[in-house]
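Welcome, and please take a look at the model below.

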Amino acid sequence: MADNEKLKVSIDGIQVEVAPGTTILNAARQIGGDIVPPAMCYYSKLQGSGGKCRTCLVKVSKGSEKDPRPMPKLVASCRTTVMDGMEVQNITSNEVLEARKGVVEMLLINHPLDCPICDQAGECHLQDLGFEHGAAATRYEFERRTFERIDIGDKIQLHMTRCILCYRCVFVADQLTDKRVHGVLGRGDAAEISTYIEKAIDNNFSGNVIDVCPVGALTDKTFRFKNRVWFTKPVDAHRDCPDCAGKVTLWYKGEEVLRVTARKDQYGEVEAFICNTCRFDKKQTSDWVIEGPRKVAHTSVISANHYETLKPLPVVKENPKLQEANKYQFERSVRL
Amino acid sequence: MEPLSNRKKVLEQKPMNFWERMYLPAVLKGMGVTIKHFFRKKATVSYPEVARPYSKNYRGLHSLKRDEEGRERCTACGLCALSCPAEAITMISAERKKGEEHLYREEKYAAVYEINMLRCIFCGLCEEACPKEAIYLDGPHVPADYLRKDFIYGKDKLVEERFDLHSLR
């Protein structure tokens, strides 16, 4: 078979032609929509990621044109490459939905479910996954695992209890930073993300572990408990950065930049990794060139209570006559 | 003109007879109704000395609850403010320091929690949204005041009093 020949695949009955070597997940993403399997560990920008969380399981009902036998078990779509004439079932197969429900329950076994406190709530992939595919209650009756809190620097907060061991941050450390200082220690149930001898992460691109983390295990310490994600307003901005592309999303609350993140696409993957200077040190509007409000999907909680105008129209604030007239009304002795 | 429907009713007005023309019996009958009410039980109470009991499911002033150990339940998760259709709730969260474990239940707490009672429509969605059972609309109605700023209720008015669980039994 010639290399440039396209392979015909059908996913949930939708035909698509993809290049050889494409995974089922990426073929589904070329179609888009509901049939894309969810992925917690696979990250298209990180080489070697995927195959760990099993949420992207699909059923291959026909192996290929030459060997039409179905695959004996459900396969991880992020790791399985397509064959010519392959037929894949995702949401049309009850077996897949049932298995995915089980995987979500498995992922949530040790998850503390402290969403009211977690800074990731609102943009957490595990929340979305649990909402769409999970059961309402857990059958697990034992103590959830706990860890001793490890301080990994003043910029990044590690909550090991929330980790689902997707290894994305390890791949970031491996591929983006030159001196890898953190990884997975221990095995199986005892495995945990940690830095070697609790060494602080100080590489200029280490902040990207926050963006790739699908749950709230690695969060921005400078944003810790500052505000909820859905009360902040995402605005696209860029700056001339010598280290990275400098294209970011600023998360505003009023006139204050609370957080800087990379821009994420519809699958929650960053468009370009950004450096720590952009992420942690440039929190003034004057540092950035504003491009405009970021489009937020109406299904996202971040779109709640949002107005399209960049700045609310000044009413009383810029009118001295009205200010004088409302002096007593605005006066508040103490903030309680 | 021909009526459009057959529902029109023609009223007959007969001329009044002698007693009807005198009006006096009708006046006395009306006075009778009025005087009868003097001896009945009053339909009103003299508020504020006497107050009517609220119904069980009455939604009044909010209160922020404490747990059985007297710690504030609210973790400033923001779901009440998110669910609020009137956007009446604002909050600022803070991290619990060491030695404050007896004050706040969780790692995070609301340092500032304000409800604008002029905006609030007492729909009770905040109560429903709360994952920590921290807010309930179980108070009386909002008292009157003169300035708008006084209707923004802070934690001093919202957080319920500490209580001894054992004395309640």
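A residue is called buried if 20 or more other C-beta atoms lie within 10 Å of its own, exposed if 12 or fewer do, and partly exposed in between, with C-beta atoms placed from the backbone. This is a predicted model, in which local features need pLDDT of at least 70 and side-chain atom pairs count only at pLDDT 80 or more, while totals for chains, interfaces and linings use all residues. Residues are numbered from 1 along each chain as its sequence is written, and chains are lettered from A and ligands numbered from 1 in the order in which they are written.

Chain A holds eight helices and 13 strands; helices (H or I, at least four residues) and strands (E, at least two) are DSSP runs numbered from the N terminus. Of the 336 residues in chain A, 35% are buried.

Helix 4 of chain A, residues 168-175, is mostly covered, with six of its eight residues buried. These are Arg168(A), Cys169(A), Val170(A), Phe171(A), Val172(A) and Ala173(A).

Now for a sheet. Four strands of chain A form an open sheet in the order 12-11-10-13, paired antiparallel. Strands 12 and 13 of chain A are its edges, each pairing on one side only. Two strands pair if DSSP finds at least two bridges between them. Strand 10 of chain A and strand 13 of chain A run antiparallel over four bridges, and Val235(A) faces Pro293(A) of strand 13.

| Strand of chain A | Residues |
|---|---|
| Strand 10 | residues 233-238 |
| Strand 12 | residues 256-262 |
| Strand 13 | residues 289-293 |
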